[in-house]
Amino acid sequence: SSHPVCNTIMLFGVIICLISVILLGIDGRFVSPEEYPKICQARAWLLSTGFTLAYGAMFSKVWRVHRFTTKAKTDPKKKVEPWKLYTMVSGLLSIDLVILLSWQIFDPLQRYLETFPLEDPVSTTDDIKIRPELEHCESQRNSMWLGLVYGFKGLILVFGLFLAYETRSIKVKQINDSRYVGMSIYNVVVLCLITAPVGMVIASQQDASFAFVALAVIFCCFLSMLLIFVPKVIEVIRHPKDKAESKYNPDSAISKEDEERYQKLVTENEELQRLITQVC
């Protein structure tokens, strides 16, 4: 099993992240200055919680694979309990909600207008000047809150990268897509390490900033979903009458010893049935 509920949580988080991209493209042309702070807060909530749900589901899987392999030495019959996966995602989301609620209550994001020096117009010869203005979402202690958010996300990114590397060659019957989840974690970590600093550097160039961040989020989401769901779809197409989950991982198939034991039981059962019919 690949724990479909975890995959659903991951997909739900990806959808939330993609919705946040739409909000990133909304500026003063579409909303009034009074409504703009709500857009700022919605961006932070959607992008942060969407990331936590999507990445948290991946993180919980590699964490359980790591824990399973370390405990399997002492308890070979140990099974991966689904509720532990969901508890870990809930824990990560709870930390996220505490940070976001504190930010929302004590120092909410507001509309900040940045002005630039006067410029000459390009398309007219009239004696006028243009003063460019750029809207930002900021709070009084913006750096502190961003540091908390980035610190928490960075911690689970680094820890997830470590776990994905540690379990890169491990296959577990109960979580049979762990290798693809590890590849998705590599993808998320690399893109986050590139997008976060570059996005902060080019924040004053609104078109370039939006294009870069939006493309990074969309590419990261779709690549992660391709890595996790495309192999499952391929197996369903190849084996429509079989259980795709068991075919998906060769290690989850029936072993040679189990097959021999099964054949022996079938033979003994047939002999017993023949003896019963002879007695009757």
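Let me start with a term: a cavity is a set of grid points where a 1.4 Å probe fits but cannot get out. Please keep in mind that the model we are looking at is predicted.

So how much space lies in the largest cavity here? About 60 Å³. Searching the whole structure for cavities of 30 Å³ or more turns up 1.

Now, who lines the largest cavity? You can find Gln-41, Ala-44, Trp-45, Leu-100, Trp-103, Gln-104, Pro-108 and Leu-109 around it. At least two lining residues come from helix 2, which covers 36–71, and at least two from helix 3, which covers 82–106.

Next, let's bring in a record. An unreviewed UniProt entry gives "transmembrane region" for several stretches, among them 7–26, 85–106 and 185–204. What does the model show for two of these? Residues 7–26 are 90% helix and 0% strand, and their end C-alpha atoms lie 30 Å apart. Residues 85–106 are 100% helix and 0% strand, with 32 Å between the end C-alpha atoms.

Finally, let's zoom in on one residue, Thr-195, which you will find in helix 5, residues 178–201. Is Thr-195 buried or exposed? Its relative accessible area is 14%, so Thr-195 counts as buried, the cut-off being under 20%. And which residues does Thr-195 touch? Setting aside neighbours within four places in sequence, Thr-195 is in contact with Phe-212, Val-213 and Ala-216.

How values were computed. Residues are numbered from 1 along each chain as its sequence is written. This is a predicted model: local features need pLDDT of at least 70, side-chain atom pairs count only at pLDDT 80 or more; totals for chains, interfaces and linings use all residues. Side-chain values use heavy atoms; hydrogens and water are left out. On a 1 Å grid over the protein atoms alone, a cavity is a set of points where a 1.4 Å probe fits but cannot get out, and a pocket is an open set with protein on both sides within 12 Å along at least five of seven lines; lining residues have an atom within 4 Å of a point. Grid points are joined across faces, edges and corners, and a volume is the space filled by probe spheres set on the points. Helices (H or I, at least four residues) and strands (E, at least two) are DSSP runs, numbered from the N terminus. UniProt positions are given in the numbering used here, feature names are shortened, and annotations may be inferred rather than shown by experiment. Buried means under 20% relative accessible area, exposed over 50%, partly exposed in between (1.4 Å probe, protein chains only). Contact means heavy atoms within 4.5 Å.
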